[in-house]
Number of protein chains: 2
Amino acid sequence: MTFGEYIREHREALKEQDRRFSVRQVAQRIGVEPAYLSKIERGDVAPPSEAKIRALAEELGEDPDVLLAMAGKVSSDLQEIIRKRPQLFADLIRQLKSAPDHAILRIARDVRDGDW
Amino acid sequence: MTFGEYIREHREALKEQDRRFSVRQVAQRIGVEPAYLSKIERGDVAPPSEAKIRALAEELGEDPDVLLAMAGKVSSDLQEIIRKRPQLFADLIRQLKSAPDHAILRIARDVRDGDW
DNA sequence: AAATATGTGTACTATATACTACACATGACA
DNA sequence: TGTCATGTGTAGTATATAGTACACATATTT
C-alpha cells in the first residue's frame, strides 16, 4: 500500500462519520491546496514535506513516524539524534537490523525503566 | 568545525606525506571537478551527495557515518532500517537520546553477543 | 431550481540539490 | 625558463522537491 492510498483510505473512513473530512476541508486544515492533496492521495505526485505529513497524521489520528516511513522519510528529530553521535547509533542500528521485534521492544523498555 | 574544514584539514595532512592528495587528484579519484571539491572544502557550497561523501571517506580513511553526520546527513542504509519498523526504532532512538555513550555501547555489544 | 460544495485536470512556479565546464593566476620543478 | 600542476573564480545546467492557482464538471444541499 502506498502513502497516498493509505491516506485516502483513512480519510474516507473518517468521512463516513464526519463530512469535515473531505479532501477540500482536510487540505485547508493542513494548509495545502485541495488539488494537491487530491494528487497526493492518488499518487499523482510524491508525498508532501515532513511538516505536512505531520499535520496530516495529527488530523487523521495516525502515527507520524509510520506515515513518514510510508513516504520514504525518517523524522528529522531522529536524524538529529543520530547525527550527534553517528558512530554509536550507526553501530547499534545496524546491529538491530535483523533483531526480532520483541528484542528491540525489550531494549526500549529496559532503557525506559533504567535497567542499565 | 564544518564539513569542509574537516575535509581540508585531513586531506592536507595526508598531502604532507603524499602529494597524490592534492585537490585535483583527490577530486579526480572521487569523481568530481577540482573546482567543486575546492568549493566544498571552503564551505562555498553545501556538502556533496552521500555517494561522494562515501568516496571521500574511503579516500581519506575516515568514518563515513561521521562525515555524513558533519554534512547534516544520515546514511541511507540506516534510514531504510528505520523505515521498515518505524515505531520500534523511533521509540528506541528517542529513549536513547539522553542515554550516556557507555550505555548505548553496551547495548550494541549485548546485541552483538546475543545476550538477549 | 439555485446555490454551494466536492474532487480533479492543467499549467505554472520557486527553491534546493548536485553538480560541470572553462579560464586564469600562481607555484613547483626539471 | 619554460612547462606542468595546483587551487580557485565565474557562469551555467539538470533534476528534484514542494508546492500554488484556476477552471470545470459533477454531486449535494437548501
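Q: A cavity is a set of points where a 1.4 Å probe fits but cannot get out. How much space lies in the second largest cavity of this predicted model?
A: About 40 Å³. The count comes to 2 cavities of 30 Å³ or more, and the largest cavity holds about 50 Å³.

Q: What makes A:Ile82 a lining residue of the second largest cavity?
A: Lining takes an atom within 4 Å of a cavity point, and A:Ile82 is listed, so it has one. Others in that lining include A:Arg83, A:Pro86, B:Asp65 and B:Lys73. Helix H6 (76–84) of chain A and helix H5 (64–70) of chain B each supply at least two residues there.

Q: Which helix gives the most to the lining of the largest cavity?
A: That's H5(A), with 3 residues. By class, this lining has 6 nonpolar, 1 polar and 3 charged residues.

Q: Now for the DNA: why is the pair between B:Val23 and DNA strand D called a polar contact?
A: A polar backbone atom of B:Val23 is 2.7 Å from a phosphate oxygen of DNA strand D. The cut-off for N or O pairs is 3.5 Å, so this one passes.

Q: How do you know that the side chain of B:Ser22 makes a polar contact too?
A: An N or O atom of that side chain is 3.4 Å from a phosphate oxygen of DNA strand D, which is within 3.5 Å, so it counts.

Terms used
Residues numbered from 1 in each chain as written. Chains lettered and ligands numbered in written order. Predicted model: local features only at pLDDT ≥ 70, side-chain atom pairs only at ≥ 80, totals over all residues. Heavy atoms only, no water. Polar contact = N/O pair within 3.5 Å; in protein donor to acceptor, adjacent residues only side chain to side chain. 1 Å grid on protein atoms, 1.4 Å probe; cavity = no way out; pocket = protein on both sides within 12 Å on 5 of 7 lines; lining within 4 Å. Points joined across faces, edges and corners; volume = space filled by probe spheres on them. Helix = DSSP H or I, 4+ residues; strand = E, 2+ residues; numbered from the N terminus. Nonpolar A, V, L, I, M, F, W, Y, C, P; charged D, E, K, R; others polar.
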